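Student: Could you look at a structure with me? I'd like to work through how its parts pack.
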Amino acid sequence: MRITTNANKIARKFRRRAQRLSGTIAKLLLQAAVAIDAKQVDNLSGSNTAAPGSWPVPNRTGNLMGSHFWEVRGSQLAVVGNTAGYAAKIHEDRPFLDRAVDDVNVLNLFARGIQREVLAK
């Protein structure tokens, strides 16, 4: 008796889907990092004449706003931050990065992107 299967065909199909999904996740990671960084800049764009402690954070000299960065490290990590020496102190009082992450809604961004990929033929 001879048994035939389509296991190899199914395995190839799933490998292709996994590769596509991996590429989608890398693109979504990049989109999330760029969106969070853009929101960080928005949160640091207050009027230079605004009162201390106001929101968005006043842009007095441009150093804090100009010290923002984002970087994708590998396929599973993106870093968004600010290199200004006083960024952490400002962030303690007015969490401009935390608010940026909340405003972007990264979980929803990934869920929509993965859903689109899974539903695509």
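Student: How many aromatic pairs does the count come to here?
Tutor: This is a predicted model, and by the rule that ring centres must lie within 6.5 Å, the count comes to zero aromatic pairs.

Student: OK, then what sits over the ring of Trp55?
Tutor: That is the charged end of Arg99, which is placed 3.9 Å from the centre of the Trp55 ring.

Student: Switching to helices, at what angle do H1 and H5 cross?
Tutor: The axes of H1, residues 7-43, and H5, residues 106-119, cross at roughly 150 degrees and come within 10 Å of each other. Because angles over 145 degrees count as roughly antiparallel, H1 is roughly antiparallel to H5, and their crossing is right-handed.

Student: And which residues make that contact?
Tutor: From H1 they include Leu21, Ile25, Leu28 and Arg20, while from H5 they include Leu109, Phe110, Ile114 and Glu117. The residues of this contact divide into ten nonpolar, three polar and two charged.

Student: What about H1 and H4, how do their axes cross?
Tutor: The axes of H1 and H4, the latter covering residues 96-104, come within 8 Å and cross at roughly 130 degrees, which makes H1 oblique to H4. H1 passes H4 in a right-handed crossing.

Student: Which residues meet there?
Tutor: Ala35, Ile36, Lys39, Gln40 and Asn43 of H1 meet a set in H4 that includes Phe96, Leu97, Asp103 and Arg99, and Arg99 is the residue whose charged end sits over the Trp55 ring. The residues of the H1 contact with H4 divide into seven nonpolar, two polar and three charged.

Note on methods:
Residues numbered from 1 in each chain as written. Predicted model: local features only at pLDDT ≥ 70, side-chain atom pairs only at ≥ 80, totals over all residues. Heavy atoms only, no water. Axes fitted to C-alpha atoms, helices over the stretch in contact; angles between N-to-C directions. Helix = DSSP H or I, 4+ residues; strand = E, 2+ residues; numbered from the N terminus. Parallel < 35°, antiparallel > 145°, perpendicular 65-115°, else oblique. Left-handed = near helix turned anticlockwise from the far one by under 90°. Contact = heavy atoms within 4.5 Å. Nonpolar A, V, L, I, M, F, W, Y, C, P; charged D, E, K, R; others polar. Phe/Tyr/Trp six-rings, centres within 6.5 Å; stacked < 30°, edge-to-face > 60°. Lys NZ or Arg CZ within 6 Å of the ring centre and 35° of its normal.
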